[in-house]
Amino acid sequence: MRQKIVAGNWKMNKNAEETEDLLNELIDKIPHDLNVQVIVAPTFVNLASAVDHLEFTNITVAAQNMSQYESGAYTGEISAGMLKSIGVDTVILGHSERRAYFHETDSILAYKVDAALFNNMRVIFCFGEELKDRQDKQHFNVVENQLRDGLFHIKNDDWEHIILAYEPFWAIGTGETASPEQAQEMHEFIRETVRARYGTIADDVSILYGGSVKPDNAREIFSKPDVDGGLIGGAALKADDFAAIIDGIV
């Protein structure tokens, strides 16, 4: 049975003091008995303190990225083992900004997925089309290729560690949002694409929508049968907004 999940990607925002303040606000505003998994992804330098701060709460800490390498001469990189050593066992991989600005390919992401799974980490695997892909009616092909090349090499048992996050790049930080109907159409396609390769495993995979989700549109988007939650960007930086979005899925 798939889980309802709301994850907040803080991106390159919040220093140490601001991180602590936001976490305190979230602890106060998010009920402890929710049937929703809540995840926050602060910056690398604040991950360890966030883990400590949230130890006795129902909020999980995730990293925004990680290296495909275990160790070595890779200046500035962070390995899965390093994340596990500070209590982080969930990682976002393939975010549209990593793909676009840092040129992460599906091949690179496949190695990152392998590194995460080898270290028994959970992966929030991101993918989605650009505006031109949708205008050219290639959005289904793009998404299918990203899933196939970045993820479809894994074993059946590995899927218990995978969360999918569809994020149309044209709706990231732009204020534009796929309509609830567009989100459902793509999420249904994603689930059927997984089903074609892995069978009934598809029924248990959580698929999140990411793309300018806000308190005023969250409930309608989350009401769609194949939308299992959201990967939230800007709205995750405001405790009231993030709590309201979570309330939209309850």
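How much of the accessible surface of the chain belongs to carbon and sulfur atoms? Of about 11600 Å² in total, 49% does; the areas come from the Shrake-Rupley method with a 1.4 Å probe, and for residues only the protein chains shown count as cover.

## Basis of the model

This is a predicted model, in which local features need pLDDT of at least 70 and side-chain atom pairs count only at pLDDT 80 or more, while totals for chains, interfaces and linings use all residues. Residues are numbered from 1 along each chain as its sequence is written, and side-chain values use heavy atoms, with hydrogens and water left out.

## Overall build

The chain has 10 helices and eight strands. These are DSSP runs numbered from the N terminus: helices are H or I with at least four residues, strands E with at least two. The radius of gyration is 17 Å, close to the 18 Å that the globule rule gives for 250 residues, so the chain is as compact as a globular protein of that length. The radius is taken over C-alpha atoms, and the rule is 2.2 Å times the number of residues to the power 0.38. Along the principal axes, the C-alpha atoms fill a box of roughly 45 × 45 × 35 Å.

Contact means heavy atoms within 4.5 Å. Among contacts between residues at least 6 apart in sequence, 73% join residues at least 24 apart.

## Buried residues and cores

Of the 250 residues, 52% count as buried. Buried means under 20% relative accessible area, exposed over 50%, and partly exposed in between (1.4 Å probe, protein chains only). A nonpolar core is a set of buried Ala, Val, Leu, Ile, Met, Phe, Trp, Tyr and Cys residues joined through side-chain atoms within 4.5 Å.

The largest nonpolar core has 68 residues, of which Leu151, Trp159, Leu164 and Phe242 touch the most other members. Apart from this core lies another, of 12 residues, including Ala62 and Cys126. Beyond its neighbours within four places in sequence, Trp159 is in contact with several residues, among them Leu151, Leu164, Val194 and Tyr198.

## Individual residues

Ala244 is found in helix H10 (residues 239-247) and, at 31% relative accessibility, counts as partly exposed. Ala244 and Lys29 are 215 residues apart in sequence, yet 9.3 Å apart in space, C-alpha to C-alpha.

Lys11, in the loop between strand S1 (5-9) and helix H1 (16-29), has a positive phi of about 55° although it is not a glycine. Lys137 also is not a glycine, and its phi is positive, near 60°. Lys137 lies in the loop between helix H6 (131-135) and helix H7 (139-151) and is exposed, with a relative accessible area of 66%.
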